[in-house]
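Work through the exercises below with the sequence and the model in view. Try each task before reading its solution.

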Amino acid sequence: TYLRKHRSTATNVTPWTISAGITNGRVLGISGLELELSGDDIAHMMSAQMNPIVWKRNRGYVIESENTALTLYKSTLGSIHVREALIELERELSAMLLNYQWSYNTAEVRAEIKLKADVICQNYVTKNGFYAFFNKCDEENNPRELIENEIGLLHTYVEPVMGLKI
């Protein structure tokens, strides 16, 4: 179920597509479970941030939630699809930034980095990974001390799209 979205050729399926529920969370190729969960079992598993597999009438077996087992506090990082979107974004931004290693740390280069980061992030907004984003790569977050130490910073802030759990 989790890997199916990585192999899909459908344009509306992304690596951060939510793998839960009857649409994208169906578990194919099984005829039953070792134990059918009761309502209490499911509630206990959900409170422990586990992802139970349950039978949905006329639909089959589905993954009931998309928790990451984060239990210490409530956070958007407790949703698998948010983490997946952030992982994919980090990969793309890292690949883009690698092209600038040993470039001059000038205002023009920083503006170009910001523009390319904006294009990458906008793609995630278009594909429902994020509601909004903000990239910063200028003299404010790249002060003289960092530049003299041959360091450049791109700060990226995102607001992830959440799922309809209930």
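Predicted model: local features only at pLDDT ≥ 70, side-chain atom pairs only at ≥ 80, totals over all residues.

Residues are numbered from 1 along each chain as its sequence is written, and side-chain values use heavy atoms, with hydrogens and water left out.

**Exercise 1. Describe how α4 and α5 are placed against each other.**

Step 1. Helices (H or I, at least four residues) and strands (E, at least two) are DSSP runs, numbered from the N terminus. Here α4 covers 80-98 and α5 covers 107-126.

Step 2. The axes of α4 and α5 come within 10 Å and cross at roughly 155 degrees. Axes are lines fitted to C-alpha atoms, for helices over the stretch in contact, and angles run from 0 to 180 degrees between N-to-C directions.

Step 3. The crossing angle therefore makes α4 roughly antiparallel to α5 (angles over 145 degrees count as roughly antiparallel).

Step 4. List the residues that meet, where contact means heavy atoms within 4.5 Å. From α4 come Ala85, Glu88, Leu89, Glu92, Leu93, Met96 and Leu97, and from α5 come Ile113, Lys116, Ala117, Ile120, Cys121 and Tyr124.

Step 5. Sorted by type, the residues of this contact of α4 with α5 are 10 nonpolar, no polar and three charged. In this sorting, Ala, Val, Leu, Ile, Met, Phe, Trp, Tyr, Cys and Pro count as nonpolar, Asp, Glu, Lys and Arg as charged, and the others, Gly among them, as polar.

**Exercise 2. Find the residues that touch the most other members of the largest nonpolar core.**

Step 1. A nonpolar core is a set of buried Ala, Val, Leu, Ile, Met, Phe, Trp, Tyr and Cys residues joined through side-chain atoms within 4.5 Å. Buried means under 20% relative accessible area, exposed over 50%, and partly exposed in between (1.4 Å probe, protein chains only).

Step 2. The largest such core has 15 residues, and Leu89, Leu93, Met96, Ile113, Ile120, Tyr124 and Leu154 touch the most other members.

Step 3. α4 and α5 each supply at least two residues of this core. The largest share, six residues, comes from α5.

Step 4. Take Met96 as an example: not counting residues up to four places away in sequence, Met96 touches Ile113, Lys116, Ala117, Ile120 and Leu154.

**Exercise 3. Is Thr14 buried or exposed, and which residues does Thr14 contact?**

Step 1. Thr14 sits in the loop between α1 (4-7) and α2 (21-24).

Step 2. Its relative accessible area is 7%, so Thr14 is buried.

Step 3. Leaving aside neighbours within four places in sequence, Thr14 is in contact with Lys5 and Lys127. Thr14 and Lys127 are 113 residues apart along the chain, and their C-alpha atoms are separated by 7.6 Å.

**Exercise 4. Place Tyr157 in the chain and list its contacts.**

Step 1. Tyr157 belongs to strand β4 (residues 155-160).

Step 2. With a relative accessible area of 45%, Tyr157 is partly exposed.

Step 3. Beyond its neighbours within four places in sequence, Tyr157 is in contact with Ala132, Phe133 and Phe134.

**Exercise 5. Where does Asn128 lie, and what is its phi?**

Step 1. Asn128 lies in the loop between α5 and β3 (130-136).

Step 2. Although Asn128 is not a glycine, it has a positive phi of about 60 degrees.

Step 3. Asn128 counts as exposed, at 54% relative accessibility.

Terms used
Parallel < 35°, antiparallel > 145°, perpendicular 65-115°, else oblique.
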